[in-house]
Every structure is written in C-alpha cells, then in structure tokens.
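Dear colleague,

Please find below the structure that I am handing over to you.

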Amino acid sequence: MDVASVASRARTENFPVASLLFPRRLRPHLRAIYGFARLVDLLGDEVEGDRLAALLELEHELDACYGGRPSWPVMQAIQPTIAEFGLPRDPFLRLIEANRMDQRISEYETWDDLRRYCRHSADPVGRLVLGLLRLDREPELLAASDDVCTGLQLVNFLQDVPRDLALGRIYLPAEDRRRHGVTALDRPSPELTELLRFEAERARGLLAGGRLLQARIGGRIGRAVGLFARGGLAALEALEGARWDVFTQRPRPSRTRLALAAFAR
C-alpha cells in the first residue's frame with residue numbers, strides 16, 4: 001500500500017461512537033484529528049517501502065499546516081482545525097515519533113518504558129481533544145486525559161497480542177512477563193492469562209481518570225469524554241467474558257454495549 005492509498009484510507013475510517021455525543025460544530029474537527037492519528041498509524045504499520053521516509057514526509061506536511069499549504073487531503077482537512085483552535089505542533093509530532101519508535105523498538109523492558117511510548121502514541125490524542133474544548137491548559141485535566149489515553153492504549157495491547165506479534169512487536173513489558181512466568185505469546189497458557197489479568201487491572205486504574213474528566217467538564221461533552229474511558233472498561237469486560245482468549249477472536253464490546261455506556265452516570 002503506497003502513501004497516497006494510506007492517506008485516502010485514513011479519511012474513511014469509522015468514527016468513534018463517543019465522538020457522536022460531541023456538539024455537531026466540533027465533530028468535523030474531531031474527525032480531522034482522528035484522521036491524522038489513523039494516518040500516522042497506517043504509515044507506520046502498512047505503507048510499502050521506507051516507512052521512516054513516509055513519516056518524514058508527513059512531518060513536512062505538518063509543517064505546511066503551520067505556514068504553507070499541505071498537499072495531502074488529510075492534512076488539508078486538519079489545517080483549519082489547527083488554525084481555529086491554536087493547536088500546538090507537539091502532540092502531532094509525538095504521534096509521528098511513536099511510529100518512528102515502532103520501526104526501531106520491538107519490545108519494552110519495564111512499565112515505565114512502555115508508559116513513555118504511550119506518552120507519544122496515545123496521550124497526544126487526548127490533549128488535542130482538550131484543545132478543541134479549550135481546556136488544554138489545566139494540569140489536572142491533562143493528567144487525567146493522559147491516564148485515560150494510556151489506559152485505552154493498554155487495552156488495545158491486550159486485545160492485539162497476536163496481531164502485534166505478527167508485526168514483530170511486543171507491548172507487554174518484559175519484566176511483567178518474567179514475573180508471571182510467560183515464555184510464549186503465540187499461544188494461550190495459564191501464565192499468559194494471569195499476565196493479561198494483571199495488565200487489565202493496571203488499565204482499569206488508568207481509565208478511572210475518565211470520572212474526573214466527566215465531572216470537571218460536565219454536561220453532554222463531559223459524558224462524551226467520559227465515554228472514551230467507559231468504552232475501554234467495556235472492552236476489558238469483553239476480554240474477561242471471553243476468558244482472555246485473544247487468539248480465536250478479538251474480544252470487544254458491542255455497539256449496543258457502548259450505546260448503553262453513553263448514558264451511564
């Protein structure tokens with residue numbers, strides 16, 4: 001898949017259910033941010049040829065958003081959002097850097113090491129959403145958002161153990177694997193199940209930040225932001241319901257379950 005095809009595909013990815021609770025005026029801007037995040041991931045995972053060169057080309061497109069005219073449709077879509085809300089470069093650059101890290105790092109030794117990766121791969125998205133709400137200068141909200149985004153990323157890692165392994169990547173810290181006696185990730189085992197349970201509890205703790213975000217932001221937008229965290233919790237429930245089987249399926253909550261979560265208090 002070439003860069004042009006990837007950029008086109010990023011514009012057609014499914015819009016997250018939680019985003020539909022945001023005011024209609026904000027949805028195009030959310031879609032633009034989501035399109036950028038998906039574009040970066042696709043360039044880092046699926047583009048043919050030199051992925052580092054593709055990511056550098058994307059960085060040049062990002063530069064054009066701040067002082068020129070980008071040529072890629074995804075970047076043309078996000079340029080007005082950057083301008084209207086004064087979004088800083090740093091979160092976008094961190095997302096790009098996360099995918100550079102994926103090209104050179106195959107696994108992480110400690111939770112702190114993986115957490116640093118998530119500060120690049122996940123947390124910037126939440127900070128950009130807070131930017132759309134003009135709440136990205138409040139330290140408490142930023143910290144809660146970072147926790148939720150890292151929690152969501154960790155949930156994805158638990159769901160995608162076989163997929164990530166096929167890409168040559170392991171996102172379960174080596175120290176945790178040793179502690180639980182996990183010697184293989186390509187097949188089920190009691191040790192792997194215990195490791196997944198352990199990491200799931202870590203994710204639940206991080207996703208608890210969603211309650212603070214919902215309470216502090218309030219109203220429909222607060223519920224929308226809170227739903228991102230509740231979606232992660234619902235995914236953990238689906239994993240538990242599937243008895244931590246990540247090999248014959250990718251356990252995830254149904255759209256009905258997510259819709260019900262949208263109206264939870």
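A residue counts as lining a cavity when it has an atom within 4 Å of a cavity point, a cavity being a set of grid points where a 1.4 Å probe fits but cannot get out. Please note that this is a predicted model.

The count comes to 1 cavity of 30 Å³ or more. The largest cavity has a volume of about 50 Å³. Its lining consists of Phe 157, Asp 160, Val 161, Asp 164, Leu 165, Arg 169, Ile 170, Tyr 171, Leu 172 and Leu 185. By class, 7 of the lining residues are nonpolar and 3 are charged, with no polar residue. Helix α9 (residues 161-166) contributes the most to this lining, with 3 residues.

As to the aromatic rings, there are 7 aromatic pairs. Phe 22 and Phe 228 form a tilted pair, at 6.5 Å centre to centre and 50° between the planes. Phe 22 lies in the loop between α1 (3-10) and α2 (27-45), and Phe 228 in helix α13 (residues 219-241), so the pair ties together parts that are 206 residues apart in sequence. Phe 22 is buried, at 1% relative accessible area, whereas Phe 228 is partly exposed, at 26%.

Tyr 117 and Tyr 171 form a stacked pair, with 5.5 Å centre to centre and 25° between the planes. Tyr 117 belongs to helix α6 (residues 111-121) and Tyr 171 to the loop between α9 and α10 (174-179), 54 residues apart. Tyr 117 is buried, with a relative accessible area of 4%, and Tyr 171 is buried, with 7%. Ring pairs also link Tyr 108, Tyr 117, Phe 157 and Tyr 171 into a cluster.

Yours sincerely

Technical notes:
Residues are numbered from 1 along each chain as its sequence is written. This is a predicted model: local features need pLDDT of at least 70, side-chain atom pairs count only at pLDDT 80 or more; totals for chains, interfaces and linings use all residues. Side-chain values use heavy atoms; hydrogens and water are left out. On a 1 Å grid over the protein atoms alone, a cavity is a set of points where a 1.4 Å probe fits but cannot get out, and a pocket is an open set with protein on both sides within 12 Å along at least five of seven lines; lining residues have an atom within 4 Å of a point. Grid points are joined across faces, edges and corners, and a volume is the space filled by probe spheres set on the points. Helices (H or I, at least four residues) and strands (E, at least two) are DSSP runs, numbered from the N terminus. Ala, Val, Leu, Ile, Met, Phe, Trp, Tyr, Cys and Pro count as nonpolar, Asp, Glu, Lys and Arg as charged, and the others, Gly among them, as polar. Rings of Phe, Tyr and Trp (its six-membered ring) pair if their centres lie within 6.5 Å; planes under 30 degrees apart count as stacked, over 60 as edge-to-face and the rest as tilted. Buried means under 20% relative accessible area, exposed over 50%, partly exposed in between (1.4 Å probe, protein chains only).
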